[in-house]
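Work through each exercise on your own, then compare your steps with the solution.

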Amino acid sequence: MPYPSPPRIPSGPRRRTLLASAAGAALLAGCTSGADSGGDSSATERARAQAAADSATLLGRYDAVLTAFPDLAERLRPLRTEVAAHAAAFREGTTPTATPTGSPSASPTPVPVPATSKDALASLAAAERALADRRAKALPDVPGESARLLAATAAAGAAHAYLLTTGAAK
């Protein structure tokens, strides 16, 4: 007697799995500053300040899209909240003067928003993906806790990009 075929399982990760993975990575990293083991402390502080500025810029993009498309609030608010937490976690390990000159947090500029909500989501996804890639490439230059925080936020950014490009998040 043949066995019935198993039910079809959708390919790719599910939304809950991605969110749980991103949340788990953030918890493992601690999303807090801590003593970094080794490395140049001024270089680490500059890297954290740059990461904080990058997160602040991304946060501005989310705010601009939410202002232009309030109907996306339910979908974007959880992602925006995580980005704000990332910015705060990176700022926690820096001094106020550590912000690089010319960074977006030094002089906020209006963020252009695409004309359609679909294009706005694609733009946010591209920004998340680009930032995740930059953070992943910066990992070898950052020691200890800062590297873990950078890795966790890169993973979260990749998950955000995935959620923004699929219909799974509504």
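**Exercise 1.** Find which helix gives the most to the lining of the second largest cavity.

*Solution.* Keep in mind that this is a predicted model.
Step 1: The helix to pick is α4, with three residues in the lining of the second largest cavity.
Step 2: Now list the lining, which consists of Arg61, Val65, Val111, Pro112, Val113, Pro114, Ala120, Ser123 and Leu124.
Step 3: Sort the lining residues by class, and you get seven nonpolar, one polar and one charged.
Step 4: The space in this second largest cavity is about 40 Å³.

**Exercise 2.** State how many cavities of 30 Å³ or more the structure holds, and give the volume of the largest cavity.

*Solution.* Step 1: There are two cavities of 30 Å³ or more.
Step 1: For the largest cavity, the volume comes to about 60 Å³.

**Exercise 3.** Describe the lining of the largest cavity, by element and by class.

*Solution.* Step 1: Among the residues that line the largest cavity are Ser55, Leu58, Val83, His86, Glu128, Arg135 and His160.
Step 1: At least two lining residues each come from α2 (41-68), α3 (73-92), α4 (117-138) and α5 (144-165).
Step 2: Here α4 supplies the largest share, four residues.
Step 3: By class, the lining of the largest cavity has four nonpolar, five polar and two charged residues.

Definitions and conventions: Residues are numbered from 1 along each chain as its sequence is written. This is a predicted model: local features need pLDDT of at least 70, side-chain atom pairs count only at pLDDT 80 or more; totals for chains, interfaces and linings use all residues. Side-chain values use heavy atoms; hydrogens and water are left out. On a 1 Å grid over the protein atoms alone, a cavity is a set of points where a 1.4 Å probe fits but cannot get out, and a pocket is an open set with protein on both sides within 12 Å along at least five of seven lines; lining residues have an atom within 4 Å of a point. Grid points are joined across faces, edges and corners, and a volume is the space filled by probe spheres set on the points. Ala, Val, Leu, Ile, Met, Phe, Trp, Tyr, Cys and Pro count as nonpolar, Asp, Glu, Lys and Arg as charged, and the others, Gly among them, as polar.
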